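I opened the model to look up how the chain is put together. My notes follow in the order in which I took them.

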Amino acid sequence: DITVGKVTGYIDYTLGSDGSMNQNISLDGLPDFVKGDDFTLDFANPYIMLTVASNVGIPVKGELSIVPNYADGPDEDSEQTVNLYIPAAEEGEDTEHRYWIAKSNEGVPSGYEFLEADIPALLKRIPESIDIRIDAGTVADEICNIDLSSDYLLDMNYDVVVPFVFGEDLKIKMDYTIPGESDDAGENTGESPEESSNALPPVLGELLN
């Protein structure tokens, strides 16, 4: 009749292979017209801030994959992958690790570890959503201490930040022919812009915004 309180040893455990740690980030808030082939949105340096909170006394390493999804499915060819290492927490302590995932380390704030990935390439053609997938596991050759009376938590949160600063590959193409005669008829009839045959399409206003 023995109650085990603590275990010391080597632990080999897989995290996320069942998809339980994956997240999907929707980009539904963007207007549909920026998702067409006539737009190349060359954002200068978008980034993903990843925060990992843990009280687990086991180091974890693995891969974090970022995959864009379009109407016809995920674009596996554009997948970006970074290697991730989460140190073991000290016994009885809650720790927080911050990672800055971007193409450039420009602007990385203090307290963040930079992980390189070509995030601008994911957004040149705006996807419907972005999948963030985790395939990780414990570092099986490092000794660990587990208190069997404790509750353990490893929690990950993501923020995708896209500053509206563009590079030299920015391309916005729109062809439109104004209907009607080349006079001011629509302007002088008292018609609203929506009623006038010479009215510009509302999408131009969205584009300028």
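Entry 1, contacts along the chain. I counted contacts (heavy atoms within 4.5 Å) between residues at least 6 apart in sequence, and 78% of them join residues at least 24 apart. This is a predicted model, in which local features need pLDDT of at least 70 and side-chain atom pairs count only at pLDDT 80 or more, while totals for chains, interfaces and linings use all residues. Residues are numbered from 1 along each chain as its sequence is written, and side-chain values use heavy atoms, with hydrogens and water left out.

I found three helices and 14 strands, taken as DSSP runs numbered from the N terminus (helices H or I, at least four residues; strands E, at least two). Of the 209 residues, 36% are buried, where buried means under 20% relative accessible area, exposed over 50% and partly exposed in between (1.4 Å probe, protein chains only). The accessible surface is about 13,000 Å², and carbon and sulfur atoms hold 46% of that; the areas come from the Shrake-Rupley method with a 1.4 Å probe, and for residues only the protein chains shown count as cover.

Which strands does strand 6 pair with in the antiparallel sense? Strand 8 is one of them, over seven bridges, and there Ile66 stands opposite Gln80. Strand 11 is joined to strand 6 by 10 bridges, also antiparallel, with Arg133 as the bridge partner of Ser65. Strand 7 (residues 73-74) runs antiparallel to strand 6 over two bridges; the two form a hairpin with two residues between them. I counted strands as paired if DSSP finds at least two bridges between them.

Beyond four places in sequence, I listed the contacts of Ile101, among them Leu50, Leu64, Ile66, Val82 and Ile119.

I still found Tyr10 in contact with Ala140, Asp141, Glu142 and Ile143, leaving aside neighbours within four places in sequence. Tyr10 and Ala140 are 130 residues apart in sequence and 5.7 Å apart in space, C-alpha to C-alpha.
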